[in-house]
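Dear colleague,

Please find the structure below, with its sequence. My notes on selected side-chain contacts follow.

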Amino acid sequence: MDNDFVLAPALVNVRFDLQPAANALQSLRLLNDLERLSGMHDWVTRTGTALSPERLYKNKLIFSAFEPALCIMEHRHDNFPALLDFVERQKPESLITAMDEELDYMFTHYPEHMARVDKRVTMTELLRDRGQYIDFMNKIEDCTSDVMWGDAFDIAQNPADMQRYLVEHLRYMWDNHLRAEWEHQLPMLNESISAFSRLDFSDKTAIEAARIVTNRDMRDLLEKKIVTSETVTFVPSLHLGPYVSVHSEAGALSIFFGARLPRGAQSTAISEFSRAELLMRLNALADDTRLQILELLTQNDEMCAQDIIERLDVSQSTISRHLSQLRATGYIIERRREVSKCYSLNTDRVVDTLRALTNFLSRQ
C-alpha cells in the first residue's frame, strides 16, 4: 500500500522585541499611507496634517527611493538618534553600496515582484542613466511619478547630498514630531512585549503565532516568507493601528503589529490599552461607506468586492481602502474565490466590540 507523506509546518523561534530604530522608521513611513489607509493611530493623522507640503514630499521621497540605504542598518541600533548618528558618520558612497545590497536581496528573494523589470541590475548601474532609473522605479514601486523619481535621481548623483538629505529630514522629524510621542508610548510598548513574552509559543508555527499575536489569519501573507525563516520577531508598533507590516531581511522575519495585550492579560495601564483598542475599532465604524458595507453583509452571507462596488456605486480604490480597514479591525472575513476576494460579516467581532465598549464605560 502506498503511503502519502505531508511535510508538517515548521516550528519557529518566536521573539518579541522593541527594535527602536526600525520602529521609529515604521512610524515615519506610515505618513506616506494617509491617503491609502484609514484607521491608523491619531498621531499619524495629526502629524501628516501639521507637516508642510515640502516635508511631506521629502518624507515620501526618502521612504520610496532612499530607504534601502537604511534597511541593513536599522536593526543594529538601540535607538533612533544612534541610527542617525551612524548614518551621518558613514562614507557617503557606502549608502549606495547598501542600496545595491538591498536591491540584490530583492532580486534573489522576491523574483515574482522583480519580474516587472526586464533584467537584473544594480542601483549603481541605474544611477548612471536617468531614464533607466525612472523607468525601473516606476515598475517596481507602487508610486508612479516621473517627477519624484527624477528628483531622487538628481539627489543621488552626489552621495554626500543624499546623506545630508536623509539625515536632515529624519533628525527634524525625530526632534519635532516623534521623540515626545516615543517617550510617552514606550511604557505601553514594553508592557505589550512583556505580556506576550510570557506566553508559550514553543509548539507554534509562524502562522499560528501570528494569529495569536495579531488576532489575524496571515497565512496568505506569510506562506512564502517563512520558508527560510527560523525565527520570527514580533514588534509592537506605536501607530499601525489595526494593520500589520511584514519585513524580511537576510532570512530574518519581523512582524510589526499595533501594540496590544494578549487576550485575558492583566495590565497596569489597562485603560490606555482599552482606550487604544476601542478607538481603533470604533474608528472603523465611523464612516458611512463602511457602515453601508457592513449593512450589505448583514443581508448577504457573502459578497465579492466587485458586487459591493456595483451596489454602492463607488470606485474600486475607495472600496479597497474601506474593505482593508474593516478586515484589519476584524469586522469582516476575507476569502479568495477563484480570482475574486469575497467577504462575510464577522458577527462575533461586532458583539465583542459592543461588550468591550460596555465594559469600558461601566468601570468604576
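In these notes, buried means under 20% relative accessible area, exposed means over 50%, and partly exposed lies in between (1.4 Å probe, protein chains only). The model is predicted, so local features need pLDDT of at least 70 and side-chain atom pairs count only at pLDDT 80 or more, while totals for chains, interfaces and linings use all residues. Residues are numbered from 1 along each chain as its sequence is written, and side-chain values use heavy atoms, with hydrogens and water left out.

The structure contains 18 salt bridges, each being a side-chain nitrogen of Lys or Arg within 4 Å of a carboxyl oxygen of Asp or Glu. Helices (H or I, at least four residues) and strands (E, at least two) are DSSP runs, numbered from the N terminus.

One of the salt bridges joins the side chains of Glu67 and Arg29 (2.2 Å, N to O). Glu67 lies in the loop between helix H3 (53-66) and helix H4 (68-71) and Arg29 in helix H1, so the pair ties together parts that are 38 residues apart in sequence. Glu67 is buried at 11% relative accessibility, and Arg29 is buried at 14%.

A salt bridge also links Arg130 with Asp154 (2.5 Å, N to O). Arg130 belongs to helix H9 (residues 130-140) and Asp154 to helix H10 (residues 146-156), so this pair connects parts 24 residues apart in sequence. Arg130 is partly exposed at 38%, as is Asp154 at 40%.

Finally, Arg55, Lys58 and Glu168 are linked in a network of salt bridges.

With kind regards
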